[in-house]
Amino acid sequence: MIYIFCAPSGSGKSTMVKHLLTAYPEKFELSISCTTRAPRGQEVNGREYYFISLEEFEQRVANGEFIEYEQVYDGLYYGTLRSEIDRIEQNNKAVIFDVDVKGGINLKRILGQRATSIFVCPPSIDELSRRLHARGDTAEEMIQKRLAKAAIEMQDAKFFDIQLINNDLESAFAELDAIVNNHFCES
């Protein structure tokens, strides 16, 4: 099984993913994406992302090593290595992708029915703005770019199998648990 989680930045997508990884460590493993951005805060290479140079990223693209990749902003790339799916499936676990919206749409298109795509929605743009400001690790200019991008990304929610509104964390966790348990019971 493969689960693709997408959302505008600050919507709680990574919180949902962390919940699954903590609640069901025997069932899930996170596919670690590559990025050309610098680590934030306490991020560690090989844990949150594989942090690689722009040159290395472009070389891996040329070598066909990515199942999908996207230039999110000028010079800022994110991508999913094909080897991550193989690594996780060899451990007999379901793959979780925590990717941006365009990457999620691409992954779903490529993986088809093999994957379940979940769009984590913020309750509103105002709440999303509050969450991004509360992080305290992003410049105001970047927050404004992310909010503008979020308004566009939220229009793409209709392309996902499931839309999970993260208004109240405990309710969102309960809904996510029900989705996952239902999928595992069906297989």
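Let's start with a word we'll need a lot: a residue is buried when its relative accessible area is under 20%, exposed when it is over 50%, and partly exposed in between (1.4 Å probe, protein chains only). What you're looking at is a predicted model, where local features need pLDDT of at least 70 and side-chain atom pairs count only at pLDDT 80 or more, while totals for chains, interfaces and linings use all residues. Residues are numbered from 1 along each chain as its sequence is written, and side-chain values use heavy atoms, with hydrogens and water left out.

First, the overall picture. The chain holds seven helices and nine strands; these are DSSP runs numbered from the N terminus, with helices being H or I of at least four residues and strands E of at least two. Of its 187 residues, 47% are buried. Contacts (heavy atoms within 4.5 Å) tell us about the fold too: of those between residues at least 6 apart in sequence, 67% join residues at least 24 apart.

Now zoom in on helix 4, residues 101-111. Its buried residues are Val101, Gly103, Gly104, Asn106, Leu107, Lys108 and Leu111. What do they pack against? Their partners are strand 1 (2-6), strand 5 (66-73), strand 6 (76-81), strand 7 (94-98), strand 8 (115-121) and helix 6 (140-153). Just past the end of helix 4 comes Gly112, with a positive phi of about 55°.

Lys108 makes a salt bridge with Asp161, with the closest N and O atoms 2.9 Å apart. This pair ties together distant parts of the chain, since Lys108 sits in helix 4 and Asp161 in the loop between helix 6 and strand 9 (162-165), 53 residues apart. A salt bridge here means a side-chain nitrogen of Lys or Arg within 4 Å of a carboxyl oxygen of Asp or Glu. Lys108 is buried at 14% relative accessibility, whereas Asp161 is partly exposed at 43%.

By that rule there are 13 salt bridges. Glu153 is buried, at 8% relative accessible area, and Lys149 is partly exposed, at 22%. Elsewhere, Glu43 and Arg37 meet in a salt bridge (2.9 Å, N to O), and Arg37 is buried, with a relative accessible area of 10%. Finally, Glu29, Glu84 and Arg87 are linked in a network of salt bridges.
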